[in-house]
Amino acid sequence: QVQLVESGGGLVQAGGSLRLSCAASGRTLSRYAMGWFRQAPGKERVFVSAITWSGGSTSYSDSVKGRFTISRDLAKSTVYLQMNSLKPEDTAVYYCAAQVVLHGPTAYWGQGTQVTVSS
């Protein structure tokens with residue numbers, strides 16, 4: 001079993017920054033890749049970024065590439081999403097996910113954290 005707890009969401013003006021955190025716990029944590037997804041009102045949940053625990057390989061959606069940075073702290077079992085140059089279209093609930101493999105099926109989800117970007 002893996003537990004994921006997100007934090008760091010909030011309200012920010014366009015052009016601003018936020019850093020999301022995902023604290024993970026579980027006995028087999030190192031088996032999973034960690035990802036961030038987001039879901040805007042009335043839309044499907046979509047991929048944002050992902051990282052492997054061991055090798056640090058990363059992946060980004062085209063919509064956030066160059067603005068968002070994913071990282072992980074192995075000692076703290078925490079994954080971060082640094083979001084810069086935020087746009088109103090980044091407004092969504094952001095979910096942390098533990099994936100079987102990078103870009104693979106999601107085995108566990110966090111509860112989500114709201115990010116609102118005002119224009």
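Predicted model: local features only at pLDDT ≥ 70, side-chain atom pairs only at ≥ 80, totals over all residues.
Q: What makes the pairing of the Arg38 and Ser63 side chains a polar contact?
A: The two side chains come to 3.5 Å. A polar contact is a pair of N or O atoms within 3.5 Å; within protein, one must be able to donate a hydrogen and the other to accept it, and residues adjacent in sequence count only if both atoms are side-chain atoms. Residues are numbered from 1 along each chain as its sequence is written, and side-chain values use heavy atoms, with hydrogens and water left out.

Q: Why is Arg38 called buried?
A: Its relative accessible area is 10%. Buried means under 20%, exposed over 50%, and partly exposed in between (1.4 Å probe, protein chains only), so Arg38 counts as buried. Arg38 belongs to strand S4; strands (E, at least two residues) are DSSP runs, numbered from the N terminus.

Q: Which residues does Arg38 touch, not counting residues up to four places away in sequence?
A: Among them are Glu44, Arg45, Ser63, Asp90 and Tyr94. Contact here means heavy atoms within 4.5 Å.

Q: How do you know that Tyr32 and Tyr108 form an edge-to-face pair?
A: The whole structure holds four aromatic pairs. In this one, the ring centres are 5.9 Å apart and the planes meet at 80°. Rings of Phe, Tyr and Trp (its six-membered ring) pair if their centres lie within 6.5 Å; planes under 30 degrees apart count as stacked, over 60 as edge-to-face and the rest as tilted. Both values pass, so Tyr32 and Tyr108 are edge-to-face.

Q: Why can we say that the charged end of Arg45 sits over the ring of Tyr95?
A: Its distance from the ring centre is 3.6 Å. The rule asks for NZ of Lys or CZ of Arg within 6 Å of the ring centre and within 35 degrees of the ring normal. Arg45 also lies over the face of Trp109, at 4.4 Å from the ring centre.

Note on methods
Helix = DSSP H or I, 4+ residues; strand = E, 2+ residues; numbered from the N terminus.
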